[in-house]
Every structure is written in C-alpha cells, then in structure tokens.
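Work through the exercises below with the sequence and coordinates at hand. Each task is followed by a stepwise solution.

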Amino acid sequence: MELFDNLLLGLSTALQFNNLLYCLIGVVIGTAIGVLPGIGPIPTVALLLPFTFGLPPESALIMLAGIFYGAQYGGSTTAILVNVPGETSSVVTCLDGHAMARQGRAGPALAIAAVSSFFAGTVATIVIALLSLPLAALALKFTAVEYFSLLVLGLLAAVILAHGSVSKSLAMVFLGLLLGTIGIDVNSGAARMTFGIPALSDGLDFVPVAMGMFGLAEIIANLERNEVRQVVSQKLRDLVPTRADLKAAFPAMLRGTAIGSALGVLPGGGAALPPFTAYALEKKIARDPQRFGKGAIEGVAGPEAANNAGAQTSFIPLLTLGIPANALMALMIGALMMQGIQPGPQVMTEQPALVWGVIASMWTGNLMLLIINLPLVGLWVSMLKIPYRLLFPAIVLFCCIGTYGISNSVFNVWLMLGCAVVGYFFIKVGVEPAPLLLGLVLGPQLEENFRRAMQLSDGDPSVFLTRPISAVLLAVVAVLLLAMLSPAVLRKRTEALAE
Amino acid sequence: MPHFDMSQLRPAGRRLDWPDLLFGVFLIALSAGAFAATSRLSGGSAADMGPGYMPRAIALILLGFGLFFAGRSLARGHAGIERVQARPMLGIAVAVGAFALLIEDAGLVAASFSAVLLAAAASRQSRLFEVILFGLCVTAGAVLLFVKALALPVPIWPWSI
C-alpha cells in the first residue's frame, strides 16, 4: 500500500524530535498570536518566515503550518471569551460561543471548540493523504498549457470566494500580476519597472508586501476604531461539557468536518467559507432555529470543525499542484521558494519526505493543540488581557526587524511602509488585499507558462482549448464567471459571506 | 476585515461613490505609470513575447478596470469614506521610517527603542512612562532574540558599526 508507506514516511519525519519541537513551537506561537486580537495569521506567518530560513525545509514548513492552524485555534478562544474574532474564520464562532460564555458556559464552549477542531483536523489529515496521490499523478501530466489554465482557475476561484465586490477583487488580482512582473525578465534579461533599484531585480519581495498590507495597515485601522473589549471573566474549571452538550455537538461536528474538508480544497477557500456554510446548515436543519445566536452548542461545534478541516485541506492544492488556495498558502509557497524548492507538481515526487512529513505533522500538531489548549486556557485568557496600546508598538517593531532580517535590506523596510500606506488606502476604499498577494506570488509562474505555451503553439491561443485537461479547467473558469454574473448567485454569495 | 460603519460616513458635498472613484483613479494612475516605465522595453509578438508584452497587457486591463470604477462612481449613488484619522497613520509611518533610517547607521537598540516610542504615539491611550519602560524591555528582548539567538548580522550599538 503506497498510502501507508507514505504516511509511515511522513510520520517518521514528523516524529523526529526536532520536528516535533518545531511543530510545538509553531502551534504555541500560532495560538498565542491567534488569541491576540489585532494581528491575523497572515502577518504572523510573514513575520515568522525569516526565523525559518536556517531550518531544513521540512522543519520550516511544519513550523509554519503549526502557526497557521494554531492561529485558527486561538482565534476561537478570543471569539468565545471576548466576542472579537481573532480572524475572519472565527466570526461565526462569536455568535453562539460568546452567547454561551455570557451564560456562564464558556468552559463547555471552549472544550467543544477544541474537540471539534481536533476531530476535524484528524479527518482532514486523512483526506489530504487520500487525495494527494491521485491529484499529484494527474498533475504530472501537466505541461505549460495545463499549468497556465490551472493558475487562471486558481486566481479566479480566489476572487469568487473572497469577501467584497467581485469586480474589485478581480482588479486586485491583476494589480498583483502587474507587481509580479517587476524584476529582471528571465527570457531577455531586461530590467522591468525596477527604476534602477538593485533590490528590485529579483522582483518584489512578498513578505514586506504582506506585512505592510495585512499587518501594519490593519493596526492603523484598528487604532482608529478604539474598540472597548470586555473579557468574560469566569471560572473555567468546568470545562467538561454535559452529556446533552455532546449529544447535540457530535452530529454537528461530523457535518462541519465534511463541509470544511470539501470547501477547503477549493482554491480561495479555507478561511471564510467553510464555517459560514456550516453555520447556515446547522441553523437550517435545527429543530428550533430560534436557539441560534443565543448559545446553541451546534453553532460552535459545526463551524469550528469546518474551520479547522478547511484550514487543513486548503494545503492540498499547495502540496499536490504547487498552487496556493489562499493568501496564507501563498506565503507557504514563498517559504518553499526561499528554501530553494520550486513549487509545482513535481514537489510531491521529488520531496516525499517533505510533503508527507508536513501532512503527518498536521495530526501531531492537532494533538498538541488539544493537549496544550484546554489545560492552558487560563494562560491564553491572561494574554487576552494585555492591552492593545502595548501590543501594537511591539508588533510594529517586530514587523520592521522581520522584514529587514530577510535579506538585511533597508529597502524592504521602506517597501513595507509604502505597502502599509497603500493597504490603509485599500481598507478605506473597501477592497481586499488577499487577491493581490495571490496575483503577486502566482504572477511570475503565470507569465512563464503563458509565454512557454504560446511559444510552443506559435502564438496560437487556441491551444488552451484544444488540449483536454486545459479545456476542462477553462470551462470551469467560464462557468464560474457566468455564475458570478448571475444575480441569484451574487445574492447567495452576499448572504453566505455576510458578517 | 474592513468594517464599514454606515453611521460614521461623512456626508460629502457631491453625489459620488467615493471609494469607487478613488480606487478607479488609483488604478488609472498605476497603469499609466506601468506604461511609462515599460515604454522602452520591446513588446515582441504573441509567439515570441518580449519583456514588455505582459506588463503592458496587464496594465491595459488595469486601465480598463480603473475607467470602469471611475465611470461607475459617477453613475452610482453617494457612498462616503470612513473618516481618515491622521494620528494612527502618521505614528506608524514615522516609526517604520525611523527604524529604516536608524537600523544600519545607529544600530538595533536605537532603531528599536525609537520605533516603539514613535509607534506608541499613534495611539491616544499610550502613557509616556509606561511606554518608555515597555520600550526598554522590548528592545532588550529584540536584541536577545534577533542578535543573540538568531544571529541576525546587525550592529547593536552605534559604536559597534
């Protein structure tokens, strides 16, 4: 059985002492940052990328993945106790989780959230393992033509599932693609839009872009809001849910896991869509939908499971096809590239220890989260009490040192500052920066494959339609585009993504 | 997540969709810049693209988007923009700028401490004494973490350059 061999290989990588340690560091840092409202997982991962340069690729990716799902986990703690979602994906957890907390049932809410996440994470790990092999086999048949179509699909799907206006998100993708063309053109050696700055010859570094747009811009916007937070203080001793709680939560957990696993694989999925969909489903099939928003435990179990399952299955396109499903996975691609690994379908066959090690580490990481989270919930609560006025200057400083440290480049610090200003502008005019980051990361690959495909076909664009796999991918793009233009779908999407 | 609180919208004089208009103008300006910056690169043909082909093609699409948003903003009803506050923006920008200017010429300690102090100025809730104390702690932490533990090659003091 190839699958078992692979999982065994993965486990032997993930269970190495070093990797267990990096996984632990990752999930602890991730949870700590996820608990703190005010900085999301994207700037966190960007911030910590430089720390992983010295590590071997497996350890680096395991740690970054740990940060990512740790942050998902931490976000729900904040959502339940403070009613402030640490990030988008825990928005729905606020609804019933915080209601439970106000009724003095924060303990069971946290416990159910943790157990649901762990269960979903375990199932998702198996899903990843099962889906990876056939997908990777398919991907090996890809030439520049298919790869281009796949990249188009990935970028478009990301737009559809993003928040906010579709047309603005599309514009942001192209903006990212334009920024991606900055640098020396590989084919001709000509400098493009580098304005004579040597630091730009390798292209725009996406870490300062991500930190500026996602980290600093968000801090500025947070400071304008001046929110008052109230931590629900209560005894967390009674963590154990009642039998009735478990009975209500278990089926919701199963449904949430299924929804999350399916939606997470979609490009652009992973963050917002699975928990929202799971919540909507729970509310729809509940015998008494009135209870929702007032502390229904299914409203915590379902979305939390979906959230975690989606977070993990969103690794599938990355690991098998080399295509990031969302902005966070784009950072993971960046981490791979910085390790000297060219992302793409070949990674799976060339670096089996890396891919399967990361997959197996997701399970060990989830186990660690379960163990460290429930007993340490008091610690996380005390972290919640650190005032934002102290938190944000420290985050600003770490962003500065982080971007500078990537290549000891002062230019990157200025670039981050510029991106912070632009990111603040984006917040003000109501556009999402995530599609831009995807465009920036995928741009060079898209251009390279497009040029190669056109060269092979002698400039005839019909090659994208005459090759079967490419034609299917583009047909999906066309269907999605048409669906997007239909008012009924637009309305549904607004409902599904409404906060 | 950008949160738009409708109650905070500033009543603007003209009936324009301001977010759309500004975003549209931004895109138009950007694509114009891209055209100017790539004007001397060869475009080539579709079968053999030159370095200028893709940037200009993308810039053209962006120009289209820019015109679309700008045009739509005139046709659609009024939408304002959440009030822009100078203090958070300036505080963070000056903090990052100071760090960039100081890090290589004055060392990590000076750069870190001033970045924390200036960033704190972005919030009205910061208290001077607390920030100074906290800044010293964070600076010490940064030196220990980045220079001692992670061996980032950066001078600590101005005189160690």
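## Exercise 1: a charged pair in chain A

D245(A) is buried, at a relative accessible area of 7% (buried: under 20%; exposed: over 50%; partly exposed: in between; 1.4 Å probe, protein chains only). The model is predicted, so local features need pLDDT of at least 70 and side-chain atom pairs pLDDT 80 or more, while totals for chains, interfaces and linings use all residues. Residues are numbered from 1 along each chain as its sequence is written, chains are lettered from A in the order in which they are written, and side-chain values use heavy atoms, without hydrogens and water.

Task: Find which residue forms a salt bridge with D245(A), and state where the two residues lie.

Solution. 
1. The partner is R105(A), with the closest N and O atoms 3.1 Å apart; a salt bridge is a side-chain nitrogen of Lys or Arg within 4 Å of a carboxyl oxygen of Asp or Glu.
2. D245(A) belongs to helix 10 (residues 243-265), and R105(A) to the loop between helix 5 (91-102) and helix 6 (106-139), so the pair ties together parts 140 residues apart in sequence. Helices are DSSP runs of H or I, at least four residues, numbered from the N terminus.
3. R105(A) is partly exposed, with a relative accessible area of 25%.

## Exercise 2: the interface

Task: Describe the interface of chain B and chain A by contacts, buried area and salt bridges.

Solution. 
1. 69 residues of chain B are in contact with 65 residues of chain A (heavy atoms within 4.5 Å).
2. The buried area is about 6000 Å², of which carbon and sulfur atoms give 78%; buried area is the accessible area (1.4 Å probe) that two parts lose on being put together, summed over both.
3. The rule finds 2 salt bridges across the interface. E130(B) forms a salt bridge with R389(A), at 2.7 Å between the closest N and O atoms.
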